[in-house]
Every structure is written in structure tokens, then in C-alpha cells.
Amino acid sequence: MKQLGLLVTMQPSVKEKNAAMVEWTEQERSIITNIFGNLDYEDVGSKALSRCLIVYPWTQRYFASFGNLYNAEAIKTNPNIAAHGTKVLHGLDRAVKNMDNIKATYAELSVLHSEKLHVDPDNFKLLADCLTIVIAAKLGSAFSPEIQATFQKFLAVVVSALGRQYH
Amino acid sequence: MERLQSARISLGRWVCLWAVSCIKTPQMFAFIETLKPKRRLKMSLSAKDKAAVKAFWAKVSGQADAIGSDALSRMLVVYPQTKTYFAHWKDLSPGSAPVMKHGKTVMGGIADAVGKIDDISSGLLNLSELHAFTLRVDPTNFKILSHNILVVMAMMFPQDFTPEVHVALDKFLAAVSLALSEKYR
């Protein structure tokens, strides 16, 4: 009976569990929904992925079967890369729709990236940086420091969630 | 791909090397060395990178001050831990006087590095000593500021800041950061 009591008191309360989750202000939520609401997924997705493969060429190791990646021009015009970039960006939609539970939302994708795709989780940050740069180029002066901070916070949470199921 | 091709020595070169190696004088040995293809030791700046950096800098240097102060403002907002280095400033908000002034100073250093791009380490010796012995900025922050400089460049020059320019500038800023932290220990 005593052990049961101990077991019960040792569990984190619902409040404590929620305290460990990422907190988003109303302003941050609206910034993220705005950015993704006005996004041309095909344009931004393909630009972000191709920029990542050009600026950090070692990331090309994961795309050996995608065809011609021999130089920047080939990467920029490669249709497989463009399609994949769009796919990856749509993958971020799940996080936008579940901002209060990104960790659980990406559990399955994290396992996929670890067990099947064998992607070094450091690469997630590289793609995130390229995506930030592409969005900055698109929004220009509208990409204020506050918006940048929110966007980078969002991407950091996604990157962390994707790296969680690596063992 | 380019790296592989430059590592291969052509057959003709080998024949010349063999023929010439029969003449065993110091001058001949030195000459033979010049025939061998040069291997780059680390992720150093290629001639193409340097050309891309100089060309882009020529386009943007007129707005260097704006770039510097915007990048610095952003850094202080997006990475609040960097504010610890500026506790002595009255106003850390974006576009404040100390931020504008310091942004200008930083970009002056970058401009200097572009001019000395062929030997950044020795070119930035004074700045290197300043950062090592006086400022003692943790080197992680150089990466942070470099990232923000790239973001501002993408914002202000979206057409010119192509992926090719991006990679050259990223490497250049990494080389500058390395030079600045060279005397740390």
C-alpha cells in the first residue's frame, strides 16, 4: 500500500508535465500561421533544399539516387530535389497544426529519419538555417527580428523533435 | 567532382616528372614540387570563393553600415544570450545608437578581411589579439553573428544572394571567425 502511495506521488502531475512543453504566446502562434498561410510550398521548399545541398555539399550524401547533383545549376534544376523539398515543407504543416505537441507529432518521423533514412540529426539544423534564409529573402524587410526569433524558435522545436527518437 | 579531377596527375605530367627527376639538383627538386597538383588542406577558400566574395562585396559595401547594424540588432533579439557582452550599453534595442555604431565597426572589420582575403589570419592579427585578450567573446557567438549577417544579406539582396554566393560568404565568414579566435589559446 505504501509502495502504491509512493508510486502515485512520484508521477509528475498533469500541470508539471505541461510545464515541460514548449510555451507559445498568441503573437508567436499567429506569426507562424501567417508565414505558412502565405507560403508557396513548391517555390520555397525546392529553394530551401537545393540551397542546403549547395551550401552544405555533404548533405548530398542522402540523395545519391536523385540524379544529377554535380554542380549548383544541376541541383537547382533537378526535379527530384524540387519535389522532395516541397514534401519536406509540407511535413512542417503537421507542426504548425499541432504547435502544442510537436514532440509527439514527430515521433514517427523521427524514427523514420533515424532507423530507415539514417540522417545525421545535425543536418536538420543546416536545412532549418537554409529555410530561414529563403524566407528572409522572400519577406525582405517584413522579416523583422521578432518574426525571425519566432520562426527560428519554431524550427528549433521541430529539429529537436526530429532528433528525439535517435538511439 | 572538381576535387577528384584536380588530384589526378595526367600521364604527360608523370612522364615529365620522371624524365626531370633524373636530374638530381636542388633546383630541379624545387621545380618538381611546382609540377605536383596542390591539395587544399581544409575547407579553405578557393579562387572561385574569393572571386564570389569580392564581387558580392563590391555590390553591397555601400550599405555595409545598414547590414552591420541590422545583423547586430537581430542577433541581440533572436539570441538574447549575446546581450551579456553589451551590458555596458544604455540601449540594446534594434536601431539604437550604440547598436548602429557597433554594427559599423564590425562591418569595417569585414571590409578589411575582404581586402586581405588571401591571408585573413595575418591580415586580422590586431583584431585577433583584441578578441583573445580584451574582448574574450566565446567563439560560438561568431557563428551566431555570421548567420545573422547572411540573413540580412538575403533580405536586402534577394536576387544577388544566390546559393553560390551564399556558400562562398559562409566559408569566408567562417574563415574570419577562425582568424579572430586564433589567439584564444
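**Entry 1: the second largest pocket.** Before noting any volume, I wrote down what I count as a pocket: an open set of grid points with protein on both sides within 12 Å along at least five of seven lines. I also reminded myself that this is a predicted model. With that settled, I looked up the second largest pocket and found about 820 Å³ of space in it. I then asked which residues lie nearest its centre. They are A:His84, A:Val88, A:His113, A:Phe124 and A:Leu127, out of 32 residues that line the pocket.

I went on to the elements behind that lining. Those giving two or more residues are H4, helix H6 (79-97), helix H8 (107-116), H9 and H10 of chain A. H6(A) provides the largest share, with eight residues. Sorted by class, I have 23 nonpolar, seven polar and two charged residues around this pocket.

Entry 2: The largest cavity holds about 60 Å³ of space. Its lining is made of B:Val53, B:Trp57, B:Met107, B:Ile110, B:Val114, B:Ile149, B:Met153, B:Leu169, B:Phe172 and B:Leu173. I traced the lining back to chain B, where helix H4 (47-60), helix H6 (97-115), helix H9 (140-156) and helix H10 (163-180) each give two or more residues. How many polar residues does the lining of this cavity have? I found none, and no charged residues either; the class count is ten nonpolar.

**Entry 3: where the chains meet.** I turned to the interface and noted 22 residues of chain A in contact with 19 residues of chain B. The two chains bury about 1,800 Å² between them, with 65% of that on carbon and sulfur atoms. On the chain A side, A:Arg51, A:Ile133 and A:Pro145 lose the most area to chain B, and together they make up 28% of what that side buries.

For polar detail, I recorded eight residue pairs in polar contact across the interface of chain A and chain B, both residues at pLDDT 80 or more. The side of chain A that touches chain B draws two or more residues from each of helix H4 (41-55), helix H5 (72-77), helix H9 (122-139) and helix H10 (145-162) of chain A. By class, I put that side down as eleven nonpolar, six polar and five charged residues.

Note on methods: Residues numbered from 1 in each chain as written. Chains lettered and ligands numbered in written order. Predicted model: local features only at pLDDT ≥ 70, side-chain atom pairs only at ≥ 80, totals over all residues. Heavy atoms only, no water. Contact = heavy atoms within 4.5 Å. Buried area = accessible area lost by both parts, 1.4 Å probe. Polar contact = N/O pair within 3.5 Å; in protein donor to acceptor, adjacent residues only side chain to side chain. Helix = DSSP H or I, 4+ residues; strand = E, 2+ residues; numbered from the N terminus. Nonpolar A, V, L, I, M, F, W, Y, C, P; charged D, E, K, R; others polar. 1 Å grid on protein atoms, 1.4 Å probe; cavity = no way out; pocket = protein on both sides within 12 Å on 5 of 7 lines; lining within 4 Å. Points joined across faces, edges and corners; volume = space filled by probe spheres on them.
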